[in-house]
Amino acid sequence: MEKTATDRLVYSIPEAAHALHCSKSLLYDLVKANKLPHVHLSEKRVVIPVAALEQYLKEQSESFNE
């Protein structure tokens, strides 16, 4: 799929949780354990790059199917 200028680069934790249909606490736990790539934009603002989320999901899917 081709990316456009309107495509998002990052998700907030709540947005990522909504997109994945999982809890925010699960994502916060993954971030805290450094299991999910993330970026600290400030002391309180953490975002997850869309590309990193896609890569993480791909890796999890491959390890699940083994």
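Of the 66 residues of this protein, 23% count as buried, where buried means under 20% relative accessible area, exposed over 50%, and partly exposed in between, with a 1.4 Å probe and protein chains only. This is a predicted model, in which local features need pLDDT of at least 70 and side-chain atom pairs count only at pLDDT 80 or more, while totals for chains, interfaces and linings use all residues. Residues are numbered from 1 along each chain as its sequence is written, and side-chain values use heavy atoms, with hydrogens and water left out.

First, the layout. The protein has three helices and three strands, in the sequence pattern β-α-α-β-β-α. Helices (H or I, at least four residues) and strands (E, at least two) are DSSP runs, numbered from the N terminus.

Now the sheet. The three strands form an open sheet in the order β1-β3-β2, with antiparallel pairing; two strands pair if DSSP finds at least two bridges between them. β1 (10-12) and β2 (39-40) are the edge strands, each pairing on one side only. Helix α3 packs on the sheet and touches β1 and β3, and its direction makes about 65° with that of β3. For that angle, axes are lines fitted to C-alpha atoms, for helices over the stretch in contact, and angles run from 0 to 180 degrees between N-to-C directions. β2 and β3 pair in the antiparallel sense over two bridges, and V39 stands opposite V47 in β3.

On strand β1 we find S12. Why does S12 count as buried? Because its relative accessibility is 9%. S12 touches R45 and V46, leaving aside residues up to four places away in sequence; contact means heavy atoms within 4.5 Å.

Next, helix α2, residues 24-32, where L27, L30 and V31 are buried. These residues cover an arc of only 100° around the axis, so they are on the same side of α2. The arc is that of the directions from the helix axis to the C-beta atoms. The cover over the buried residues of α2 includes α1 (13-20), β3 (46-49) and α3 (50-64). Just after α2, N34 takes a positive phi of about 55°.

Last, the core. The largest nonpolar core has 11 residues, including I13, L36, V46 and Y56. A nonpolar core is a set of buried Ala, Val, Leu, Ile, Met, Phe, Trp, Tyr and Cys residues joined through side-chain atoms within 4.5 Å. L36 touches L27, L30, V31, I48, L53 and Y56, again not counting residues up to four places away in sequence.
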